[in-house]
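Please keep the model open while you read, and look up each residue as we reach it.

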Amino acid sequence: MLYPVIWQNNAVSLIDQTRLPHEYNIVTIHRSEDMALAIKSMIVRGAPAIGVAAAYGMYLGAREIEAKNHQEFLEKLEKVAQLLRSTRPTAVNLFWAIGRMMKTAYESLGTLEEIKHHLWQTAQAINAEDLQTCQAIGDHGLAALPTTPQKLTILTHCNAGALATAGYGTALGVVRSAWREERLQRVFADETRPRLQGAKLTAWECVQEGIPVTVVTDGMAAHCMKQGLIDAVVVGADRIAANGDTANKIGTYSVAIAAQAHHIPFFVAAPLSTVDFTLADGSNIPIEERDSVEIYQVGQSMITPSGVDFYNPAFDVTPAELITAIITENGAFPPADLVKLKFY
Ligand code: MRU
């Protein structure tokens with residue numbers, strides 16, 4: 001099993017996702033500032049993995065704090081939280097995990113050393129829970145998939161795999177469960193321009209497990225559907241509004257439109273920590289815009305003429321009406337039923 005974020009030797013080990021698939025490097029993080037940089041530069045990426053990394057980042061910051069009392073400790077910890085929150089705006093798991101760490105800090109009693117230990121325990125719990133959650137998502141997703149054909153070909157976009165979570169994955173968790181139960185024929189992995197998480201990371205994860213995978217460029221997805229090559233689409237999410245509108249990697253919306261046009265079920269697989277019940281719909285989900293170099297440079301080469309403008313939104317929002325079901329650790333639900341989970 002692949003774990004992108006591991007606590008070991010009093011530090012955090014991250015698989016450097018900017019170097020895969022050709023180099024497998026581990027980056028060791030000792031300080032919260034370095035964790036913020038690792039999240040911003042996408043050494044660690046994927047909504048749940050960012051949440052786990054940020055939780056450890058909070059602990060790394062906390063353990064360096066010297067304070068005369070609990071209040072001063074909280075004020076200094078809030079600065080660590082602000083730095084980590086400023087790294088990436090769309091994945092709500094980042095804010096959720098930092099919020100949970102701050103809650104632990106506020107509610108903990110005892111000496112500062114004891115409070116710091118509670119923070120470490122909370123970070124460990126967030127990591128362990130996410131792994132269990134992904135396994136539950138995988139199994140609920142398997143039950144929600146179409147019953148025919150017996151062996152399904154699933155298209156996915158970006159990487160919502162073990163690398164994007166504590167392990168196992170959300171969308172790729174469903175794929176893993178289907179593979180285990182011999183219900184999977186093949187994965188079609190959209191390349192996912194501009195950062196190529198599909199071509200690099202999803203394809204790599206599938207190869208590691210012996211899962212047959214076909215990489216296609218993003219523009220090929222609709223054509224593959226029309227040819228009858230795709231039985232279901234399963235993607236992850238970075239933030240889901242209360243009505244089920246879902247922000248995920250740029251290009252997901254186009255895939256959802258194509259899936260509806262071809263009567264192919266379109267599933268979103270995500271933990272409840274990705275649901276933002278404070279947003280009624282997707283219109284106010286903050287969309288990260290990244291550096292245009294991601295578009296104009298491929299490898300070391302500039303591919304566009306000079307004198308053009310760029311627009312590089314990293315995410316888009318798929319309207320709830322295009323989503324067949326949202327697969328969570330509590331089961332698979334039509335988007336309209338999501339709001340009922342608020343009370344669990
Ligand atoms: O920019 P990234 O690589 O962090 O974007 C990742 C995605 O969009 C994933 O699909 C999403 O975070 C779900 S990960 C389980």
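1. Arg88 sits in the loop that runs between helix H3 (70-85) and helix H4 (92-107); helices here are DSSP runs marked H or I of at least four residues, strands are E runs of at least two, and both are numbered from the N terminus. Please bear in mind that this is a predicted model, in which local features need pLDDT of at least 70, side-chain atom pairs count only at pLDDT 80 or more, and totals for chains, interfaces and linings use all residues. Residues are numbered from 1 along each chain as its sequence is written, and side-chain values use heavy atoms, with hydrogens and water left out.

2. Is Arg88 buried or exposed? Arg88 counts as buried because its relative accessibility is 5%, where buried means under 20% relative accessible area, exposed over 50% and partly exposed in between, with a 1.4 Å probe and protein chains only. Setting aside residues up to four places away in sequence, Arg88 touches residues including Arg45, Lys249, Glu288 and Phe315; contact means heavy atoms within 4.5 Å. The side chains of Arg88 and Glu288 are joined by a polar contact of 2.8 Å. Such a contact is a pair of N or O atoms within 3.5 Å; within protein, one must be able to donate a hydrogen and the other to accept it, and residues adjacent in sequence count only if both atoms are side-chain atoms.

3. An unreviewed UniProt entry places the feature "binding site" at Arg45, Gly46, Ala47, Arg88, Gln197, Asn248 and Lys249. Of these residues, Arg45, Gly46, Ala47, Arg88, Gln197, Asn248 and Lys249 are included in the lining of the largest cavity. On a 1 Å grid over the protein atoms alone, a cavity is a set of points where a 1.4 Å probe fits but cannot get out, while a pocket is an open set with protein on both sides within 12 Å along at least five of seven lines; lining residues have an atom within 4 Å of a point. UniProt positions follow the numbering used here, feature names are shortened, and annotations may be inferred rather than shown by experiment.

4. Asn248 belongs to strand E9 (residues 246-249). Asn248 is classed as buried because its relative accessibility is 5%. Its side chain reaches the backbone oxygen of Gly236 at 3.4 Å, and Asp238 is among the residues that Asn248 touches beyond four places in sequence.

5. Where does UniProt place the feature "active site"? The unreviewed entry puts that feature at Asp238, which lies in the loop between strand E7 (232-235) and strand E8 (239-241). With a relative accessible area of 7%, Asp238 is buried. Beyond its neighbours within four places in sequence, Asp238 is in contact with residues including Ala47, Asn93, Asn248, Lys249 and Phe315.

6. Do look at the largest pocket too, with its volume of about 560 Å³; grid points are joined across faces, edges and corners, and a volume is the space filled by probe spheres set on the points. Of the 18 residues lining this pocket, Pro194, Arg195, Lys200, Gln297 and Gly299 are the closest to its centre. Helix H7 (197-209) is one of the elements that give two or more residues to this lining, and H7 gives the most, with three residues.
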